[in-house]
Amino acid sequence: SGLRVGVFNSPHLINWWDSILIDGVPDELLWRSSIQKVQQAVGGSAGGKGTITAFEAVCAAMWVQMRACEVDVAVVEVGVGGRLDATNVCEQVEASVICPIGYDHQNLLGSTLA
């Protein structure tokens, strides 16, 4: 349909950069450039014992990459969910899909589905 589509899924399947696809294709060089910009923005602490988690760093790199590629539509899988999820910075949400909820991430979210 002529739309440029970005997709973000987590966790990555084989390499960190394969969690971000532009028109169905991962781009290692663009990912490395994007993650470097994130590391510079947070003082080199992305994914380490610094200020943000590895997921937050990859999520931020995804937003950098989506903007650089000027995607028309972004399909973004959330992390652990909730109001503090790193994917919640998107302000132009057109649709949300809720899948079955499981007991993943109990160490972060608690042991109930409520």
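Biologist: How many helices and strands does the secondary structure of the protein come to?

Modeller: The secondary structure comes to three helices and three strands. The model is a predicted one. Along the sequence, the elements follow the pattern β-β-α-α-β-α.

Biologist: What share of the contacts with a separation of 6 or more comes from residues 24 or more positions apart?

Modeller: Such residues account for 52% of those contacts in the protein.

Biologist: What percentage of the residues count as buried?

Modeller: Of the 114 residues, 23% count as buried. The protein exposes about 8000 Å², and carbon and sulfur atoms supply 55% of that area.

Biologist: Now the aromatic rings. What describes a pair of them?

Modeller: A pair of aromatic rings is described by two things, the distance of the centres and the angle of the planes. By the rule used here, there are two aromatic pairs in this model. One of them joins phenylalanine 8 and phenylalanine 55, with 6.0 Å from centre to centre and 45 degrees between the planes. Planes under 30 degrees apart count as stacked and over 60 as edge-to-face, with the rest tilted, so this pair is tilted.

Biologist: Which parts of the protein does the pair of phenylalanine 8 and phenylalanine 55 tie together?

Modeller: Phenylalanine 8 belongs to strand E1 (residues 5–8) and phenylalanine 55 to helix H2 (residues 54–68), so the pair ties together parts that are 47 residues apart in sequence.

Biologist: Are phenylalanine 8 and phenylalanine 55 buried or partly exposed?

Modeller: The cut-off for buried is under 20% relative accessible area. Phenylalanine 8 has 2% and is buried, whereas phenylalanine 55 has 22% and is partly exposed.

Biologist: What are the distance and angle for the rings of tryptophan 17 and tryptophan 31?

Modeller: Their centres are 6.3 Å apart and their planes stand at 55 degrees, so this pair is tilted. Tryptophan 17 sits in the loop between E1 and strand E2 (20–22), and tryptophan 31 in helix H1 (residues 28–41), so the parts tied together are 14 residues apart in sequence. Tryptophan 17 counts as buried at 18% relative accessibility, and tryptophan 31 counts as buried at 9%.

Biologist: Turning to the surface, which residues form a nonpolar patch there?

Modeller: Leu3, Val73 and Val75 form one, and together they have about 230 Å² of accessible area. Valine 75 is part of strand E3 (residues 73–76). With a relative accessible area of 46%, valine 75 is partly exposed.

Note on methods
Residues are numbered from 1 along each chain as its sequence is written. This is a predicted model: local features need pLDDT of at least 70, side-chain atom pairs count only at pLDDT 80 or more; totals for chains, interfaces and linings use all residues. Side-chain values use heavy atoms; hydrogens and water are left out. Rings of Phe, Tyr and Trp (its six-membered ring) pair if their centres lie within 6.5 Å; planes under 30 degrees apart count as stacked, over 60 as edge-to-face and the rest as tilted. Helices (H or I, at least four residues) and strands (E, at least two) are DSSP runs, numbered from the N terminus. Buried means under 20% relative accessible area, exposed over 50%, partly exposed in between (1.4 Å probe, protein chains only). Contact means heavy atoms within 4.5 Å. Accessible areas come from the Shrake-Rupley method with a 1.4 Å probe; for residues, only the protein chains shown count as cover. Patches are made of residues with over 30% relative accessible area and no salt bridge: like charges are joined within 9 Å, nonpolar side chains (Val, Leu, Ile, Met, Phe, Trp, Tyr) within 5 Å. A salt bridge is a side-chain nitrogen of Lys or Arg within 4 Å of a carboxyl oxygen of Asp or Glu.
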